[in-house]
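User: Hi, I'm new to this one. Could you show it to me and take a few questions?

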Amino acid sequence: MNTPSQYLFTSCQYGAENALKIEFAEIWPDWRLSYSRPGFVTWKLPESVKLALDFDIRSVFARTHGFSLGKVAGEQANGLADGVWPLLEELPVDHIHVWQRDETVPGSKGFEPGRTPLADEVAVLIRDARPVRAQDRPTPINRTARSGEAILDCVLVEPNEWWIGWHRAATLPTRWPGGVPLIEPRTEMINRAYLKLAEALRWSQLPMAKGDLCAEIGSAPGGAAQLLLERGMYVLGVDPAEMDALILANPAFAHIRARAAEVKRSEFSRVRWLFADANVAPNHTLDSVEAIVAHEDIHVRGMLLTLKLPEWDLARQIPTYLERVRSWGYKHVRARQLAFNRQEICVCALRNRSMRRFKPKGPKRGRRKGA
Ligand SMILES: C[S@@+](CC[C@H](N)C(=O)[O-])C[C@H]1O[C@@H](n2cnc3c(N)ncnc32)[C@H](O)[C@@H]1O
């Protein structure tokens, strides 16, 4: 199949567009910025570039991406839905994903990314407008797709301006509507660190098992610990600040009320999984983590580290941060700005790829056809 379009769309956090541009200037220097709104950026490819349908965009800041087919705009939603299908021409569609561009930064003004009633309503309209001859079963809407399935993307840039795209699901985030997993907390969350870690675990697929010992640097008040405890882990929380009483009351939790640097290394000797979520500069977090994992008696198998980016320009340093983590003996290291992150990214590190529960399937990195 030919490349469906010489335009691509990317969905990102509200306000992260500059970080995305900094990143793409490095990894995709021949892509030209096209239309851009907070949380939504489109790109024009040179005519000579033909991307594989399931190419890997290798981006930290793009939540999801696809080929951009154009937009429909107007006041009547039914009319807009009718205008969607002609843009698809002969492209197959197994799923319909519709989402709204983020309206603000996650965690601000009560906003969290993910499914909205408006997006679901639009998805139903688009499904109902599908030409009858193509319908053998109702097309699933806003569900996680399987790898290889063809997806019609509709981004509600404004309620009356829909940008239509198409992609083939490959990596896990490209299977989620808008690159955002559906997280449904089992109980009342202590704070949104719960959401952040739930997404990090789903994205990273760390092969953790019930009963494993985890340590978290920057554990107070305890949303992340709450999730780990719910999943049957033992948790060592390191933080000079106070933990929530609910967490302290759990016998599977121990609190060391100190900064990471003040804790004896022997406290970490049985720790298998290390988490860091301290509100300090990235190099400070990495110093604290290195002092633990570089110790010969400590055998941390994998880590999820939150690196704060107080300035977006720090996006330039991400490759250096990842190289530093690799230098500690972690062979499989990658980063993503999670949908539930704020101005920060999540770094996942595994000592050995074979420890992953599943071997990665799908596209080769940045594979191009005839480029
Ligand atoms: C964003 S909050 C952590 C939220 C937490 N992960 C949760 O689940 O609720 C950042 C925390 O980092 C802690 N912190 C900052 N520097 C630290 C250090 N050097 N060692 C340990 N904790 C630190 C702060 O006290 C603060 O509680």
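User: How do the residues of the shell around the ligand divide into nonpolar, polar and charged?

Analyst: This is a predicted model, where local features need pLDDT of at least 70, side-chain atom pairs count only at pLDDT 80 or more, and totals for chains, interfaces and linings use all residues. Residues are numbered from 1 along each chain as its sequence is written, and side-chain values use heavy atoms, leaving out hydrogens and water. Ala, Val, Leu, Ile, Met, Phe, Trp, Tyr, Cys and Pro count as nonpolar, Asp, Glu, Lys and Arg as charged, and the others, Gly among them, as polar. On that basis the shell splits into 11 nonpolar, 6 polar and 4 charged.

User: Is L338 buried or exposed?

Analyst: L338 is in the loop between β14 (332–336) and β15 (344–350). Buried means under 20% relative accessible area, exposed over 50%, and partly exposed in between (1.4 Å probe, protein chains only). Because its relative accessibility is 2%, L338 counts as buried.

User: How far apart are the C-alpha atoms of L338 and F61?

Analyst: Along the chain, L338 and F61 are 277 residues apart.

Conventions
Helices (H or I, at least four residues) and strands (E, at least two) are DSSP runs, numbered from the N terminus.
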